[in-house]
Amino acid sequence: MPTSVQITDRAGVRTLALHRPEVHNAFDDALIAELTAAIEGAGHDPAVRAIVLTGSGASFSAGADLNWMRGMAKASEQENRDDSLRLARLMRSLQFCPKPTLARVNGAAYGGGVGLVACCDIAIGADGAKFGLTEVKLGLVPAVISPCVIAAIGLRQARKLFLTGEVFDAAEAQRIGLLHQVVAPEALDDAVAFALKLLAKAGPEAQREAKQLAFRMGGLDEHAAERIDHRNAELIARLRVSAEGQEGLTAFLDKRAPAWIAG
C-alpha cells in the first residue's frame, strides 16, 4: 500500500522520510498519523539508537497540504481543534522522543515543516533550503508549532518571524538557531553521517538522561507541553473559523490577495 512515510533501518539508525514528493511532502491526515506512529515506535524500539528525519524529492516539507487546508476551511471549530491536537501530538512526540533525533533538511521547510526541524535535537540543512512561518499571511498563527520553534530560536526571533511571515534562507536559519549546520547539498549525507558517528559513541542511557536534563534545565516538561498544546489547538481552531481566517484561507486557495491587502 502507498505510504506517506518511508522507513529504513541501517546500523541502529532509523530514517523516516516524508514521502509525498509530488506535493513537497505537505502534511495531511495520513502523513500526520503515519509519522506520529513511526516516531513513537522508533522511540520505544531498543534496536534504534538514533532517528533521522528527512524528505523525499526536492523539499523537506511544505507544511499544510492544500486539500487538507481546503477541508479545514469548511470544518467546524471542534473539528479544527481535533485536527490541531493530532498535529500537536506529532510535534510533541518528536520533541520529547527518548532517542536522539536529527533533521536532514534536504530542501524547503515551511509552517509545520519548520516545526519538525525545530523539534529535532540536531538539524543539518542544505544551503539552498528556504524556510518560512507564513501563517499570518492567511490570517492565522503558527500556534501548534510555537512551543518548539520558540525553544529552538528564542522569543525575540520568533516574534519577528511570527509577525512578518517572511521567507528566509539556510544561512539565516543557522544564525537564529533553527539549523546547527549548513552544507552544500552534495555534502549533506556526509555531514549527517559524521553527526551520527558522534552519537553512536555515546552511551544510550546517558543520552536519554542528557536529553531529559536539557529539558529540565530549559524549563520544558512533556505534561506541561500537552496542556499548552490544548490551549494552542483552541486558538488555531478559533482563528480558522473566524472571518479573517476564512478570508485568508479562501484567498490563498483562490490564488488572490486577501481583503486586508489594499489595492
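Visitor: Are F131 and F168 buried or exposed?

Guide: This is a predicted model, in which local features need pLDDT of at least 70 and side-chain atom pairs count only at pLDDT 80 or more, while totals for chains, interfaces and linings use all residues. Residues are numbered from 1 along each chain as its sequence is written, and side-chain values use heavy atoms, with hydrogens and water left out. Buried means under 20% relative accessible area, exposed over 50% and partly exposed in between, with a 1.4 Å probe and protein chains only. By that rule, F131 and F168 are both buried.

Visitor: How many aromatic pairs does a search of the whole structure find?

Guide: Rings of Phe, Tyr and Trp (its six-membered ring) pair if their centres lie within 6.5 Å, and planes under 30 degrees apart count as stacked, over 60 as edge-to-face and the rest as tilted. F96 and F215 form a tilted pair, 4.8 Å centre to centre with 50 degrees between the planes. The ring centres of F131 and F168 are 5.7 Å apart and their planes stand at 20 degrees, so this pair is stacked. The search of the whole structure finds two aromatic pairs.

Visitor: How many residues apart in sequence are the parts that the pair of F96 and F215 ties together?

Guide: Helices (H or I, at least four residues) and strands (E, at least two) are DSSP runs, numbered from the N terminus. F96 counts as buried at 10% relative accessibility, and F215 is buried with a relative accessible area of 9%. Because F96 lies in the loop between α3 (77–95) and β4 (101–105) and F215 lies in helix α9 (residues 204–217), the parts tied together are 119 residues apart.

Visitor: Are α1 and α3 roughly parallel or roughly antiparallel to each other?

Guide: Axes are lines fitted to C-alpha atoms, for helices over the stretch in contact, and angles run from 0 to 180 degrees between N-to-C directions. The two helices α1 and α3 pack at an angle of about 30 degrees, with their axes 9 Å apart. Angles under 35 degrees count as roughly parallel, over 145 as roughly antiparallel, 65 to 115 as roughly perpendicular and the rest as oblique. The helices α1 and α3 are therefore roughly parallel.

Visitor: Which residues is L249 in contact with, leaving aside its neighbours within four places in sequence?

Guide: L249 lies in helix α11 and counts as buried at 3% relative accessibility. What covers the buried residues of α11 includes α2 (66–74) and α10 (222–241). Taking contact as heavy atoms within 4.5 Å, and leaving aside neighbours within four places in sequence, L249 is in contact with M69, A73, L138, L140 and R240.

Visitor: What is the relative accessible area of N25?

Guide: N25 is found in the loop between β2 and α1, and has a positive phi of about 55 degrees although it is not a glycine. Most residues other than glycine have a negative phi. N25 is buried, with a relative accessible area of 0%.
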